[in-house]
Structure formats: structure tokens, C-alpha cells
Amino acid sequence: MPNILQAKIRSKYSAFRSRILPADKTVRGLAIAQTMGAIAGGIYFSSSALFFSRASGLSPLEIGLGLTISGMVGLLVPLPLGILADRWSARNIAAWLTVGVGLSYWFFLLVNGFTAFVIATCCFAACLRGAMTARMAMIASLIDASHRTQTSAYLHALGNGGLSVGALIGSLALYFDSLPVYRLAFSIGGAIFLVAALVYRSLPSNVPEPVPIRRGPPLAVLRDRPYVVLALLNTIILLYIPLLNMTLPLWIALHTKAPLWIAPVLYGVNTIGVMLLQVRLGRRVATAKDARRSIFSATLLLSAACLAFAAMALSSTVWLAVLLAIFGALLHVFGEMMHMAGAWDLSFRLAPPGRQGEYQGFFNTSSATAEMLGPFLLTALLVSWGAPGWLVLALVFPAAGFAILALFGRQAYLERDLSG
């Protein structure tokens, strides 16, 4: 009996472990490194503003200006680093840039003026964005094409979970609001990134049968009109990121009767939704046709979310405003997950063999652009203009989705077959 019981326990443990960590060693390594980086990132994003203010004595204006400059750097580096990943080794690029992110955390501990702050934040942004690009290049080169979207979905779900854990650690630093505690949190974050770099180094360097780099002009992706159009349309759709993180809390505070505590609840709904359902929705995207339809359906959901958020301002009761906020958040998170699954699939399919790093680097500028320009654009459109602005955004999302559905279903436009 004890042996039978032990066998059952081992069987259940193995089944549970296979759900959390996949059997494939490469995917498992990517998952561990991604989760560790997300935990460290959560520490940074949740506590950095107050840490910079306490440790360096910078004014809010100086902090905002420094972060804006670093955002521009983060916009410029993915493409050249992606090209480098194609020509050297995506694994090595990811590992060294992850080391750079970890060292940036420790550099923050020494910042005592605006110039040093700008240098540190630019190094942090460049290394972080570059590592993300190299990771996507690794997925393209190390993972079979039929599993790339599912792997990306899995890593995205783990990333959201890691960010939540990191935010919890950062919230402890905010609770104590003590400079030594902030320094300890950032020290831990830097150490986590250094360990994640070692995990990247343990991954295979190349595919079993390396794909030769395609010859052609430098920056060929900029001459690939369909891919440039895809990245532009993707940037428009990705405005849903600053919509939830930055603009919606202001809208709730200034234009609705909903309590302020609902804003972090909505973010929690998003995080939990992605953790639980992103992989399942990612499995549904197996062809280019699935990807196009997933993106268009996502934009319809995002449009409906905009209308729900706009309706909050018309609610005369607190409970109705709260219900509309939660309903809008659910529409938003399903739209986000369906969009991400379709966007990953098309970004991989449209990139020619041997140039995945270059193409993924360019595609990565979509999120960087949306995160840099989105807060200003959406604040002006939604918070300042109000309901008409929400209506405009509710039309913009499906317009971009329909353009992807229509354009990327035409072989004549693509000059390659994506009809499947």
C-alpha cells in the first residue's frame, strides 16, 4: 500500500509539474528565465518612482524627463540588436543584455544626480528591450514553427505571474518607505537578473540545422512594406496597454463615481486572466487565417471595452460604475490575449528565415512606441475630451483589426502565401 500511495503521489506531482514546467528543456529554460526577469521587473515598476525620489533627490519633472529619454532609447535599440542576434547568437545576446539589466539595477543604487539617472535609465531600457528582442529571436530559432505562438503565450502568462510577485515585493518596500529597504529590493532585483542570464546561457546556442543568414541590403525589414504596415497597425492596437495602466485610473478618478480602489482591481483582473487563459487561447491560433481572425475579433472586444468604460461616466450609482468597469476589464483582457496570439503568429510567419532577429527587433518597436506615446495621446483623447474620445478609440481599434484581416489575406499584397 505505501508503494502504491507513493506511486500515485509521484504521478500527480509529475502531472502538476508538467503543467507548470514543460518537458522540453529549451522551453523550460526560457520559462524560468522569463519568470525570474518578470519578478525583478515587477520590483522595478512598482517601487522605482519613489525610490528615485528618495535616493537621488530628483524632482518629479526630472524623473519624468529621464524616463522619457530612456523610452526613446528603448524605441531605437531593438532593431540593431535584433540584427546582431541574427549574426552572432540570440542566446548570447539575451544573456549579456540580461546581465546589463541586472547591473543597471545596481547602478541605480549609486545615482545621485540627473545625469547619472539618465545614463542608468537609458542603459536599463536599452538592455531590457534588447533582451526582449533576443528572446523572441530565440523562440524563432529554437522552437518549431508550429509551437512558437503557444510558447510565446506560455511565456507571456508566466511573465504576468512574475510581475505580480515582483509587484508584491515592491509593495513591501513601499509599505516600509525606507531607503535601505528600497536599496535591498533593487539589489535583489539585480541579482535575479544575473541568475536569469545564467539560465539563458544554459540554452542551446543554435538550431540543430542552422538557417543561413539571408543576403540582402542592410535593414531589409524597412523595405518590407507588408511587415512595416503590420508593425504600424499593431502599434495602434497596442494602445490598450497604456489605456489600462495609465489612462483608465485617471478616467475613473476624474469622470466617474467608481471608487479609486477599483483601478488596481481591474489590473488584477487583467493579470489573472492572462495567467489562466493566454495559453489556451494561444492554442487556437494554428494558421495565418486563425491569426488574422483572432486579431480582428480582439479589436471588436477592445472596442466594446471602450464603450463600457465610457458608460461609467453616465452611471448615477457607484455599484453600476463598478460593474461596468469590471465588465470592460474582462472585455479588455480577452481582447489583449486574442490580439497577442494573432500578432505573435503573423510576426513569426512574415519574417524570412535567417532574419528573425532583425524582424522581431523591428516588431518590438510597436510596444515601445505605444508605451511611450500612448499615455499622452490617450490622456488627451479620453480624459480631456471625454465620451467622444472613447467613441473615436472604439472605432480606431476595429479599423486597424479589419485592415490586418483584409490586407494579410491577400497573397498579391504579401508576395508570399499566408492563405493557410
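I started with what covers the buried residues of H3 in this predicted model. The cover includes helix H2 (25-56), helix H4 (78-87), helix H6 (114-142) and helix H14 (356-384).

Next I looked up which residues of H3 are buried, and found Ile63, Gly66, Ser70 and Gly74. They sit on the same side of H3, because the arc they cover around the axis is only 85 degrees. I then turned to the other side of H3, where Leu61 and Leu76 are exposed.

I also checked the length of H3. The helix runs over residues 60-76, which makes 17 residues. At 1.5 Å a residue I'd expect a span of 24 Å, and the end C-alpha atoms are 25 Å apart, so the two agree.

I noted the crossing of H6 past H7 as right-handed. Which residues make the contact? From H6 I have Met136, Ile139 and Ala140, and from H7 Arg148, Ser152 and Leu155. Sorted by class, that contact comes to four nonpolar residues, one polar and one charged.

Last entry: Thr271, which I found in helix H11 (residues 262-283). Is Thr271 buried or exposed? Its relative accessible area is 6%, and the cut-off for buried is under 20%, so Thr271 counts as buried. I skipped its neighbours within four places in sequence and looked for other contacts; Thr271 touches Asn160 and Ser164.

Notes. Residues numbered from 1 in each chain as written. Predicted model: local features only at pLDDT ≥ 70, side-chain atom pairs only at ≥ 80, totals over all residues. Heavy atoms only, no water. Helix = DSSP H or I, 4+ residues; strand = E, 2+ residues; numbered from the N terminus. Buried < 20%, exposed > 50% of the residue type's maximum accessible area, 1.4 Å probe, protein only. Contact = heavy atoms within 4.5 Å. Expected span 1.5 Å × (residues − 1). Arc of directions from axis to C-beta. Left-handed = near helix turned anticlockwise from the far one by under 90°. Nonpolar A, V, L, I, M, F, W, Y, C, P; charged D, E, K, R; others polar.
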